[in-house]
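This tour is intended for a reader who has the structure open in a viewer. Please make each selection in turn and consider what is there before moving on.

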Amino acid sequence: MSDVPDLSSDEEHFEDEEWQEMESTNTMVTCLFCNNTLSNIEDGFSHCESVHNFYLNNLKTKFNMDCYSYIKMINFIKTHKPAAEVITNSTTVLWDEEKYLKPVENDDWLTYDFESLTDKPSSPKTYHANVENGLVTLSQAHFLELQRTIQTLTQQLNDNQTRLQLAKEDINTMQQSMKSIVEGGNSNLNNGSSVIVNCVSSVPLESDEGYFSTYAHFGIHYDMLSDKVRTETYRNAILNNKETIKDKVILDLGCGTGILSMFAATAGAKKVYALDQSEIIYHAMDIIRENNLHNVIKTVKGRLEDTKLDERVDIIVSEWMGYFLLFEGMLDSVIYARNHCLKPSGLLLPNRCNISLVANGDIDTHKRLIEFWSDVYGYKMNCMKSEVVREASIDIVGSKHVISKPYIIKEIDINTCNIDVMDFTSKFKLPIVRDGVLTSLVGYFDTFFDLPNSVEFSTGPHTAPTHWKQTIFYFRDCKEVKQGDVIEGTIICNRQKTDVRALSIQINIFGKSHKYILS
């Protein structure tokens, strides 16, 4: 693999541009208390000190001022035009009202970095020290001045140490808060207690309605029903195993239009619970009546996690798979149904799945999606490339573009898996089968119905396309590979902390990390 250059992460591909610091220009300002014009704000304050005995440092200490108090003071002066001694001799904050936060005019005095203001040391007085026989003798005035200096510096040190400690405590608080968000996921308060949202069943229904509403539209059901690979596989699994289905109580989880429920009823099921939270359930009711199957199929509107069935079932059938198999997190609901609704000897359809990766060499699509941003009507938009790459793409990959053998990165036994199934790490090896240019890795899944008459289907690029298509993880830069090379790497898949139905995916390859989201 020495011929193959390192793939660079998307974070390292920003344009190498030379940034030039903007040179600060002098801004002319008018004195706060007279009509003199000064070359900049610093000279303005020096003028105020020497001519008007107006010392900002003293006011800052006297009134414990912050940047907001400074803004109010400037606007107070601009509004009332007091003499400098009115400000300096006052024993109260004359500008404390909130109305003085509103600028009187677009004034350069308001741009001064007040927080950077530090006490200016006064010019040290000159004292004479006598040195005789190695001993230094100080005058009383000199000694007292040194004591005052030491006390001032000690106080400043103590103040700075206090500020530093407070800053450390604030940083620690922010770190703990961020750690709680990142590691614990969302939290929802329920009767005063914190509930960690780490799976679909712990998401409040009102927060999950957006997911179900997407299945209320007819277009998505047309796409699924017209997907022959999907629908005919389920039909064959049920109708070609009538002895397994006959006289059984079945749960069709996420029934949609009710097609799987009707397959089960036709195969001789004793009873079928057709359950869906989406509004499509009302059309499923009409469809089931239209086909005279309402005596066998009982429709239930509701989210499974919030619904109690009349009995435990013999079989759970569900088309729960999402992009890259795990997107949408509906496997959580299947696991919940298995644990709460299925008889101990019950059957799951399908009962196992796997996820695979394969290398892709589709240069034309890469140019269309990625290189497009190099020249958009004569303008460079290279910063968009990293954003495009970061989002995993859903598309059909032609088999002619596949340049490696596939590698299974995840096997899932639905009879035994738990909700942590969405979080996994897997190494992979992709043997290159022909010379080409690596543009992306492609993820897909296979699904199995282990029955007396077993059936299965694949969503890979080597088979008939399905509505799931494939999940494509593009690299920003194409890399040449040779037949016989073996691409090795690691893929890390995690449930997003802020959206339990979404995925975050990281691919580590050639020492570089590429991060993607699927949401």
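Begin by selecting Val131, Val136, Leu138, Phe143, Leu144 and Leu146, which together make a nonpolar surface patch of about 510 Å². Such a patch consists of residues with over 30% relative accessible area and no salt bridge, nonpolar side chains (Val, Leu, Ile, Met, Phe, Trp, Tyr) being joined within 5 Å and like charges within 9 Å. A salt bridge is a side-chain nitrogen of Lys or Arg within 4 Å of a carboxyl oxygen of Asp or Glu. Areas come from the Shrake-Rupley method with a 1.4 Å probe, and for residues only the protein chains shown count as cover.

Helix H5 (residues 140-184) supplies the largest share of the patch, three residues. Helices (H or I, at least four residues) and strands (E, at least two) are DSSP runs numbered from the N terminus. Select Leu144, which lies in H5. Is Leu144 buried or partly exposed? At 35% relative accessibility, Leu144 is partly exposed; buried means under 20% relative accessible area, exposed over 50%, and partly exposed in between (1.4 Å probe, protein chains only).

**The model as a whole**

Now display the whole chain. This is a predicted model, in which local features need pLDDT of at least 70 and side-chain atom pairs count only at pLDDT 80 or more, while totals for chains, interfaces and linings use all residues. Residues are numbered from 1 along each chain as its sequence is written, and side-chain values use heavy atoms, with hydrogens and water left out.

The protein chain contains 14 helices and 21 strands. Of its 519 residues, 43% are buried.

**The nonpolar cores**

Next, select Leu251, Phe324 and Leu331. These residues have the most contacts inside the largest nonpolar core, which has 86 residues. A nonpolar core is a set of buried Ala, Val, Leu, Ile, Met, Phe, Trp, Tyr and Cys residues joined through side-chain atoms within 4.5 Å. Helix H10 (residues 259-266) gives the most to this core, with five residues. A second, separate core of 26 residues includes Phe54, Tyr70, Phe76 and Tyr100.

**Helix H12**

Return to Leu331 and show its surroundings. Setting aside residues up to four places away in sequence, Leu331 touches Trp320, Leu326, Ile412, Ile414, Cys417 and Val421; contact means heavy atoms within 4.5 Å. Then select helix H12 (residues 331-340), where seven of the 10 residues are buried. Leu331, Ser333 and Arg338 are among them. Against which strands do the buried residues of H12 pack? They pack against E7, E10 (313-317), E11 (342-349), E14 (407-413) and E19 (486-495).

Select Cys353 and Cys417. The structure holds zero disulfides, a disulfide being a pair of cysteine sulfur atoms within 2.5 Å. For Cys353, the nearest cysteine sulfur is that of Cys417, 9.0 Å away. Cys353 is buried at 2% relative accessibility, and Cys417 is also buried, at 9%.

**Two further stops**

Select Thr257, in the loop between strand E7 (249-253) and H10. Thr257 is buried, with a relative accessible area of 13%. Beyond residues up to four places away in sequence, Thr257 touches His221, Leu225, Ile280, Ala284 and Ile287.

Finally, select His514 in strand E21 (residues 512-518). His514 is buried, with a relative accessible area of 3%.
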